[in-house]
Amino acid sequence: MAKAKADEKILSYNDVVLRRSDIDILSGPYFLNDRIIEFYFSYLTSCYPSEDILLIPPSIAFWIKECPDISSLKDFVEPLHLQRRKLIIFPINDNADVSMAEGGSHWSLLAFERNANVFVHHDSSGGINNAHAKRVYRAVISYTASDAKYVECSSSPRQDNGYDCGLYVTAIARVICEWYQNDRPRGTDDLWFAAIKEQITPSHVSKMRNDILELVRSLMSKQ
């Protein structure tokens, strides 16, 4: 009975279905799952509707990272039209087991910015997902029609607990999209780094958990 209640569908938003258990995750200090991050990325896509911007769902980012052969990767990646995009954001998870749904214990974010010709990895735990982010970078670089370099951002904001990494991913993704939409100065040295330093603090990230929860509840009341 409890499992059936946890699996109850509470919201369909674009192509994402949230369940009662997702509300429970957002209500407490818990590690964000794939569905919540996918939901928020879908929401950001609705907020910043541009063919230039692509936010990759966690399941697709995971498959890109763990795809076993080049031909399968090509069939999977080409429909994303990465060569057309100016800003691409990937959620990176440290799960390496393709048989384990929603596995892993840490999230980080990899962002490609075409004008600066760079992939930037933001990790709230000091780069522990670096190897996983580099696997995604190596898998997609040829599909972006660029020779962009990979940069590990040493100034990324750090989490002060063991469960908010996914919230840092959503918060940083929002700041990057806002930075891009507002046409801020673009160059390898500045990018969105100042905006992240100014806006992403532990208190901001903690508040974001409630912001996402309230967003879900608001959308539930409208469906």
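Colleague: Is the crossing of α2 and α9 left-handed or right-handed?

Modeller: The crossing of α2 and α9 is left-handed, a term used when the near helix is turned anticlockwise from the far one by less than a right angle, with clockwise giving right-handed. This is a predicted model, in which local features need pLDDT of at least 70 and side-chain atom pairs count only at pLDDT 80 or more, while totals for chains, interfaces and linings use all residues. Residues are numbered from 1 along each chain as its sequence is written, and side-chain values use heavy atoms, without hydrogens and water.

Helix α2 covers residues 20–27 and helix α9 residues 202–222; helices are DSSP runs of H or I with at least four residues, strands are runs of E with at least two, and both are numbered from the N terminus. Their axes come within 9 Å and cross at roughly 150°, where axes are lines fitted to C-alpha atoms over the stretch in contact and angles run from 0 to 180 degrees between N-to-C directions. That makes α2 roughly antiparallel to α9 (angles over 145 degrees).

From α2, the contact (heavy atoms within 4.5 Å) is made by Ile23, Ile25, Leu26 and Ser27. Helix α9 supplies Arg209, Ile212, Leu213, Val216, Arg217 and Met220. By class, the contact has seven nonpolar, one polar and two charged residues; Ile, Leu, Val and Met are among those counted as nonpolar, Arg is among the charged, and residues in neither class count as polar.

As for the setting, the chain has nine helices and seven strands. Its C-alpha atoms fill a box of roughly 55 × 40 × 35 Å along the principal axes. Of the 223 residues, 51% count as buried (under 20% relative accessible area, with a 1.4 Å probe and protein chains only).

Note on methods: Angles under 35 degrees count as roughly parallel, over 145 as roughly antiparallel, 65 to 115 as roughly perpendicular and the rest as oblique. Buried means under 20% relative accessible area, exposed over 50%, partly exposed in between (1.4 Å probe, protein chains only).
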